[in-house]
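Subject: A structure to look at

Hi,

Here is the structure I promised to pass on. Have a look through it first, and then read my notes below.

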Amino acid sequence: MFAVLKKELKSYFLTPIGYVFIGLFIAVVSFVFYSYTFSQHYINFEYVLWDSIMILTFITPVITMRMFAEEKKNGTDQLLMTSPRSIVSIVLGKFFAAAVVILITIAITFVYFGILKYFGSPSLVVALVAVLGFFLLAMSYISFGMFISSITENQIIAAIVPIVFFLLLGYFSQSNGIFELLSLVNMFQKFPLGIIALKEVVGYISFSLLFILLTIIVLQRRKSVK
Amino acid sequence: MIEVKNVSKKYGDFEAIKDISFKIDEGEIVGFLGPNGAGKSTTMNMITGFIEPTSGKIIVNGFDIDRKAKKAKKEIGYMPENVPLYNDLTVKEFISYMADLKLIKRKEKKAEVERVLNAVGVKDVQNKLIKNISRGYKQRVSLAGALVGNPKILILDEPTVGLDPKQVTEIRELIRSLKEKHTVILSSHILSEVSQMCNKVIIINKGEIIKIGNPEEIENQTNETNIISVVVEDEENKFENVIKTVNSIKTVKFIENKENSKSYEIECNVNDDIRKQLFKECAKEDITIIEMKKKESSLEDAFLKLTEKDEEGGKK
């Protein structure tokens, strides 16, 4: 797993992908931070994070679109799949490499908490809970994006399908009923309040696990259909 | 070393590989021959565990590629068709990643990467990005990737395609130098390449094996006639009469008239060598033989004959 993780992580920062993702996210966070803190004089890191997460829908595909689609297109999946590494370790390696990119993003974003802390007294615990929620949400996005990337060799499709999917989820979750539960963004709401709700945590983790598993199944199946 | 037992591969209704079986022993260099689309790559992809056969079994050095995948895959170095590589990595980074994927121990990794870089002669471009190196170098890097970890078996899919003649010779030399330490399977549609390098040939067409043997055997088996080409100086046009006196000639083909000489191709039975007789007869009639040569049969002819035969069989 670590072999793949290391290489994938390197690729994120050898190509513009890692910088584009982190740059875009920090740009949005900075803008929100500016409007909350300077225009409205809030001292609240959680709200900044809360308002920034919408952009994840559009930028996580930057990380996930190439994961398997590119390998398949270039034929490098032949190198991966004929190595003694198992499919599970390959999938997890790629997934956790993306997770590390998210962690780096979070670490940079947390600088803003430091700024607030210097001038005021925001709650560290609440901020950390919000960060946890953010991380879990990002993992869900990534697992879905990775799954889509595993079923196509077209990176554009691998990017657009997750965006449309998450936009639709967001749209339907505005109506009441069963769809309300589906929205990954809605599930985030309690975290900025400092609440770690079991339902939401389990929800995010199950969503991620489901799509990691589906990715593994897709790759396993491909051996026999290909 | 490698055992392929009754392997078939179906894509929907299309049968890409039809019940093939063969065995490859340690130290052999085996050439997979076949026209494009014959199933060479499919077979190789199945041996390496990239795809699964629809039915049948593949045993690699005693390990079932399906059930003992990890152990079996460790024995194989694979150079896939079209040399897929990670373009964003440098040559050295790529080899080092291959070493990681192939479970090389951390302590041995550095030395192993060096060894492989030197073995294929890409040391001078080791710090270049793969996207910036030439096709010939890419081919070498891909071969290096297969060599990492010193696997017992090397599977090379069309290793010389897309290279210029000089590079082709270099890569061939390289592959030939591997034969002491590895069992090599390579595929090609260039027959001279296979007859030069391999000591066993598997000819495959439309998913079926039509012949297994060493190149000379196959050449001789399919050879039904001897062809002798002659160039004579024959001002009085007596050669055609001379030929009639020689037995066992099947056909005589006039090829061309060049200045004072004429060239012919004479076909006769495979067991008869008429050159001596022809020489004597011509001498009697005062015909000067400028050139006389038995045409060497080639794997090319054998291959064409075999695949054509197969085609006819298919039509019936």
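A definition to start with: axes are lines fitted to C-alpha atoms, for helices over the stretch in contact, and angles run from 0 to 180 degrees between N-to-C directions. Helices themselves are DSSP runs (H or I, at least four residues), numbered from the N terminus.

Two notes on reading the model. This is a predicted model, in which local features need pLDDT of at least 70 and side-chain atom pairs count only at pLDDT 80 or more, while totals for chains, interfaces and linings use all residues. Residues are numbered from 1 along each chain as its sequence is written, chains are lettered from A in the order in which they are written, and side-chain values use heavy atoms, with hydrogens and water left out.

**Where the chains meet**

Helix 1 of chain A and helix 3 of chain B have axes that come within 9 Å and cross at roughly 155°. That makes the two helices roughly antiparallel (an angle over 145 degrees). Contact here means heavy atoms within 4.5 Å. From helix 1 of chain A, the residues involved include V4(A), K6(A) and L14(A), and from helix 3 of chain B they include Y97(B) and D100(B).

**Salt bridges**

A salt bridge is a side-chain nitrogen of Lys or Arg within 4 Å of a carboxyl oxygen of Asp or Glu. Over all chains, the structure holds 22 of them. One joins D100(B) to K6(A), with the closest N and O atoms 3.6 Å apart. This pair crosses between chains, linking helix 3 (residues 91–101) of chain B to helix 1 (residues 2–14) of chain A. K6(A) is partly exposed, at 46%.

D100(B) also forms a salt bridge with K109(B), at 3.1 Å between the closest N and O atoms, and both of these residues are buried.

Within chain A, E153(A) and K72(A) pair at 3.9 Å, N to O.

**Helix 9 of chain A**

This helix (residues 124–151) has 28 residues and reaches 41 Å from its first C-alpha to its last, close to the 40 Å expected (1.5 Å times one less than its number of residues). Of its 28 residues, 22 are buried.

Enjoy exploring!

Conventions. Buried means under 20% relative accessible area, exposed over 50%, partly exposed in between (1.4 Å probe, protein chains only). Angles under 35 degrees count as roughly parallel, over 145 as roughly antiparallel, 65 to 115 as roughly perpendicular and the rest as oblique.
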